[in-house]
Amino acid sequence: MAEKLTKEGFNKLTAELEELEQKERPKVAKRLEEAIAQGDLSENAAYEEAKEQQSRMEGRISEIKRILNDAEIIEESAQKGSAVRIGSAIKVKSPDGAEKSFTITGREEADPAEGKLSYDSPLGRAFMSRKKDDEVEIEIPSGKRKYKILEVN
């Protein structure tokens, strides 16, 4: 299944891949080389740590390559104020009356602390295809919450 990404998200993953392959991979290889030079690998903590770091890094490189290879880039819409979609910046009024801003993103780009909601998250799904002035109700563990969409850009 294709991973949906904004152009910004695609560019960030591409930059991360480049960083890992061109800068981090050589650093880890050097650490491994130095650890191996110390001899007796069975009790070499530096070697074990470097191997673990290499494994995590290679796993992330593979994951990014898979995502980028299968990515569906969601283009910015020229129709500001239309229905909420991936890439939309929205402003909503929460049940407590506070206004909050969110950007709807792909799964890889989501960062709720930064106001970036995955289209696939419960709140993101509730906002998708909705328009300005729509009220959205979402079920959360403590009950139902209603949000009113104030702006869609």
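A salt bridge here is a side-chain nitrogen of Lys or Arg within 4 Å of a carboxyl oxygen of Asp or Glu. Side chains of opposite charge can pair when their charged atoms come close. This is a predicted model, where local features need pLDDT of at least 70, side-chain atom pairs count only at pLDDT 80 or more, and totals for chains, interfaces and linings use all residues. Residues are numbered from 1 along each chain as its sequence is written, and side-chain values use heavy atoms, with hydrogens and water left out.

By that cut-off, the structure has 17 salt bridges. Here are three of them:

| Pair | Closest N and O atoms |
|---|---|
| E24 and K27 | 3.6 Å |
| E52 and R56 | 2.9 Å |
| E108 and R60 | 3.6 Å |

Let's start inside the helices (DSSP runs of H or I, at least four residues, numbered from the N terminus). E24 and K27 sit three residues apart in helix α1 (residues 7-37), about one turn of the helix. Helix α2 (residues 45-70) holds both E52 and R56, four residues apart, again about one turn of the helix.

The strands are DSSP runs of E, at least two residues. E108 is partly exposed at 29% relative accessibility, and R60 is partly exposed at 23%.

Finally, there's a network: salt bridges link E3, R107, D120 and R125.

Definitions and conventions. Buried < 20%, exposed > 50% of the residue type's maximum accessible area, 1.4 Å probe, protein only.
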